[in-house]
Amino acid sequence: MPTLADHSTRTALAARISQLSPSALPAWGRMTAPQMLAHCADALRMAYGDLPCAAKNVPLARLGLVKWLFLNVIPFPKGAPTARELIARPPAEWGDEREAIVALIERFAREASRPTWPPHPLFGPMTGPQWGQLAWKHLDHHLRQFGA
């Protein structure tokens with residue numbers, strides 16, 4: 001499974017982000033391209049602990065097998081609900097938002113080996129490798145949504 005811990009994966013994501021246009025139309029969902037970048041940037045901020053998100057009470061999602069299946073097998077669902085905190089912020093200017101998300105992706109390289117990570121609001125405790133996988137999967141999902 002690709003992960004943000006891998007340099008070539010981060011480079012490929014940055015290249016895909018550079019292909020995006022603020023006027024790109026989604027293949028599904030209601031977000032605009034600028035809203036999607038803001039959402040993905042805030043999801044990374046959540047992973048780093050910079051943006052707190054309220055925990056969801058879905059005990060099944062916190063089971064190791066369910067978390068593993070979601071990270072490694074189950075495709076990211078189109079139209080899945082998201083934390084309100086991850087859609088609350090209006091996007092910044094397009095260029096600034098693109099630069100911010102690429103910087104947040106690169107930040108993973110510096111923090112991948114940190115000993116503790118914030119819990120995920122749905123999946124609970126997460127390791128750095130799990131966050132790296134989930135972040136890649138989330139970014140890939142939304143970049144495909146906008147054809148990148």
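1. Overall fold. From the N terminus on, the elements run α-α-α-α-α. The chain holds five helices and zero strands. Both are DSSP runs, numbered from the N terminus: helices are H or I with at least four residues, strands are E with at least two. The radius of gyration is 14 Å, close to the 15 Å that the globule rule gives for 148 residues, so the chain is as compact as a globular protein of that length. That radius is taken over C-alpha atoms, and the rule is 2.2 Å times the number of residues to the power 0.38.

2. Basis. This is a predicted model; local features need pLDDT of at least 70, side-chain atom pairs count only at pLDDT 80 or more, and totals for chains, interfaces and linings use all residues. Residues are numbered from 1 along each chain as its sequence is written, and side-chain values use heavy atoms, with hydrogens and water left out.

3. Packing. Of the 148 residues, 44% count as buried. Buried means under 20% relative accessible area, exposed over 50%, partly exposed in between (1.4 Å probe, protein chains only). Among contacts with a separation of 6 or more, 81% come from residues 24 or more positions apart. A contact is heavy atoms within 4.5 Å.

4. Largest pocket. Its volume is about 1,000 Å³. Of its 38 lining residues, the closest to the centre are Phe-76, Ala-80, Pro-81, Thr-82 and Ala-83. Helices α2 (33-48), α3 (64-72) and α5 each give two or more residues to the lining. The largest share, eight residues, comes from α5. A pocket is an open set of points on a 1 Å grid over the protein atoms alone, where a 1.4 Å probe fits, with protein on both sides within 12 Å along at least five of seven lines; lining residues have an atom within 4 Å of a point. Grid points are joined across faces, edges and corners, and the volume is the space filled by probe spheres set on them.

5. His-141. This residue lies in helix α5 (residues 128-145). His-141 is buried, at 3% relative accessible area. Beyond its neighbours within four places in sequence, His-141 contacts Trp-28, Phe-76, Pro-77 and Lys-78.

6. Pro-90. Pro-90 sits in the loop between α3 and α4 (94-111). It is exposed, at 62% relative accessible area.

7. Cysteines. The disulfide count is zero; the cut-off is a pair of cysteine sulfur atoms within 2.5 Å.
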